[in-house]
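Keep the sequence and the 3D view at hand as you read.

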Amino acid sequence: MDTNQHEQAQWFVAHTYSGYENKVKASIEATVENRNMEDVILEVQVPVQEVVESKNGKKVVKEKKLFPGYVMIKMFMTDDSWYVVRNTRGVTGFVGPASKPVPLSKAELKSMGIRQQRVEISMHVGEEVKVIEGPLEGFTGVIEEVHAEKSKVKVNVSMFGRDTLAELGFEQIEKINT
């Protein structure tokens, strides 16, 4: 998908039953995958922030939902995408007048902490990269797939004489200059 098309997709907000946000996110993502709708519904988020709580004298870091009862969805509004989201178990409707979905404005997105800019990389399928972070640090591999919309790549890493396909974030790899 070209970057231009990705920029034209908009963020919408779906209202959910309280406590169902992550189930709704998982259900929408599963439906998108099963129906091959990755080019229509691009991303689903449940915005969270880390909160430090004290439990029995110990500090515990927990994730707290920023907007309980809401799920953010980046998508192209079509009859199909509307139907998929609206009929997901736990969704009570879209946010907007008379349940007519209204996309979030740039100002609203910024205030909610949702990133608009994507990391741009100049890596392509077939290029050799070195893993610089994570459990595969130090290994090298060849890019098999690039998923710019998710800031991830699939790399075929040669480990212990066997090739293993690993999904890595852009920040975890660097191009090997040959």
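Start at E127, which is partly exposed, with a relative accessible area of 22%. (Buried means under 20% relative accessible area, exposed over 50%, and partly exposed in between, using a 1.4 Å probe and protein chains only.) Before going on, note that this is a predicted model, where local features need pLDDT of at least 70, side-chain atom pairs count only at pLDDT 80 or more, and totals for chains, interfaces and linings use all residues. Residues are numbered from 1 along each chain as its sequence is written, and side-chain values use heavy atoms, with hydrogens and water left out.

What does E127 pair with? Its side chain meets that of K175 in a salt bridge, at 3.6 Å from N to O; the term stands for a side-chain nitrogen of Lys or Arg within 4 Å of a carboxyl oxygen of Asp or Glu. K175 sits in strand 11 (residues 173-175) and E127 in the loop between helix 4 (106-112) and strand 7 (128-131), so the pair ties together parts that are 48 residues apart in sequence. Helices (H or I, at least four residues) and strands (E, at least two) are DSSP runs, numbered from the N terminus. K175 is partly exposed too, at 31% relative accessibility.

A search of the whole structure turns up 3 salt bridges. Another one joins E21 and K65, whose closest N and O atoms are 3.6 Å apart. This pair also links distant parts of the chain: E21 is in helix 2 (residues 21-34) and K65 in strand 4 (residues 58-65), 44 residues apart. E21 counts as buried, at 1% relative accessibility, whereas K65 is partly exposed at 29%. Then there's K25 with E29, their closest N and O atoms 2.9 Å apart. Both lie in helix 2, 4 residues apart, or about one turn of the helix.

Now for the surface. M77, W82 and Y83 form a nonpolar patch there, with about 290 Å² of accessible area together. Patches are made of residues with over 30% relative accessible area and no salt bridge, joining like charges within 9 Å and nonpolar side chains (Val, Leu, Ile, Met, Phe, Trp, Tyr) within 5 Å. Accessible areas come from the Shrake-Rupley method with a 1.4 Å probe; for residues, only the protein chains shown count as cover. W82 lies in helix 3 (residues 79-86) and is partly exposed, at 34% relative accessibility.

Finally, step back: the protein chain has 4 helices and 11 strands, and 33% of its 178 residues count as buried.
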